[in-house]
Amino acid sequence: MTDNHLYEQLDFDQNPIFEKIIADLLKDKYSIVDSFFDAPGVDILRSSLLEKYEEDKFKKAAIGNKINKSIIQSIRGDFIFWINENKTNKAEDYFFNKINALVSYLNRTCFLGILYKEFHYAIYPEGTFYKRHIDTFMNDDRRKLSFVCYLNDADWNPDNGGELVLYLQDDDKETCKTILPLPGRVVVFESQIIEHEVKPVNASERLSITGWLKTR
């Protein structure tokens, strides 16, 4: 097999959004993208979330994984519904098509070895929050990248609260990055490195899809 043929096999079309995520992660350990999903896609995902919420399918979120799980109101107050990729509706097909394209791109260009993923819808009612934490467990460190997509209404008011705060380490100094949960905004960050929290929701409900890209 010639070198030219090997090059042709490796050649592929660059995706500007995925390239931005990669560059941001390499530089800052996190990335903020406002165009990952288009507006109609955000609308159908929001509708899917609200439909399941109205059907009373959401459960109170817990602390920890299946091995060590508890519900502590003073730490987090959101309600969640896990999305099964094998039992999806039209909106969720749209979501996973984009996520799977990202995973394939990351594995091909960065050799991250992402093999699994888990995602859930999340609703933070007024007055709820999630205190500072990290997205890995003592008995399970497979989570590589954390992913949040906000599904709030187009007229979401920043005064509604529910901001995501990332705690970043720069040498011996800690800085904070505060991110508004604007509709369609996606945040990706390194699960094992960045501690974060969700500030209290002051009004309305904070809607999102949250999940993790995982290694073996």
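1. What share of the contacts in the chain with a separation of 6 or more comes from residues 24 or more positions apart? The figure is 78%. This is a predicted model, and the values below should be read as computed from that model.

2. Overall make-up. The chain has four helices and 13 strands as its secondary structure. Its radius of gyration is 18 Å, close to the 17 Å given by the globule rule for 216 residues, so the chain is as compact as a globular protein of that length. Taken along the principal axes, the C-alpha atoms fill a box of roughly 60 × 45 × 35 Å. Of the 216 residues, 45% count as buried.

3. The packing of α3 and α4. Two packed helices are described by the angle between their axes and by the distance between those axes. Helix α3 covers residues 39-54 and helix α4 covers residues 90-110. Their axes are 8 Å apart, and the angle is about 125°. Angles over 145 degrees count as roughly antiparallel and those from 65 to 115 as roughly perpendicular; α3 and α4 are therefore oblique to each other. Their crossing is left-handed.

4. Residues at that contact. On the α3 side, the contact is made by G41, I44, L45, S48 and K52. On the α4 side, A91, E92, Y94 and F95 take part. Sorted by class, the contact of α3 with α4 has five nonpolar, two polar and two charged residues.

5. A residue of helix α2. L25 lies in α2, which spans residues 16-28. Is L25 buried or exposed? Its relative accessibility is 9%, and buried means under 20%, so L25 counts as buried. Leaving aside neighbours within four places in sequence, L25 is in contact with Y30, S31, L145, V188, F189 and E190. L25 and I83 are 58 residues apart in sequence, and their C-alpha atoms are 26 Å apart in space.

6. D56. D56 sits in the loop between α3 and β2, the latter being residues 59-60. Exposed means over 50% relative accessible area; at 66% relative accessibility, D56 therefore counts as exposed.

7. F111. Phi of F111 is also positive, at about 55°, although F111 is not a glycine. Its place is in the loop between α4 and β6, where β6 is residues 116-124. With a relative accessibility of 70%, F111 counts as exposed.

Technical notes: Residues are numbered from 1 along each chain as its sequence is written. This is a predicted model: local features need pLDDT of at least 70, side-chain atom pairs count only at pLDDT 80 or more; totals for chains, interfaces and linings use all residues. Side-chain values use heavy atoms; hydrogens and water are left out. Axes are lines fitted to C-alpha atoms, for helices over the stretch in contact, and angles run from 0 to 180 degrees between N-to-C directions. Helices (H or I, at least four residues) and strands (E, at least two) are DSSP runs, numbered from the N terminus. Angles under 35 degrees count as roughly parallel, over 145 as roughly antiparallel, 65 to 115 as roughly perpendicular and the rest as oblique. A crossing is left-handed if the near helix is turned anticlockwise from the far one by less than a right angle, and right-handed if clockwise. Contact means heavy atoms within 4.5 Å. Ala, Val, Leu, Ile, Met, Phe, Trp, Tyr, Cys and Pro count as nonpolar, Asp, Glu, Lys and Arg as charged, and the others, Gly among them, as polar. The radius of gyration is taken over C-alpha atoms; the globule rule is 2.2 Å times the number of residues to the power 0.38. Buried means under 20% relative accessible area, exposed over 50%, partly exposed in between (1.4 Å probe, protein chains only).
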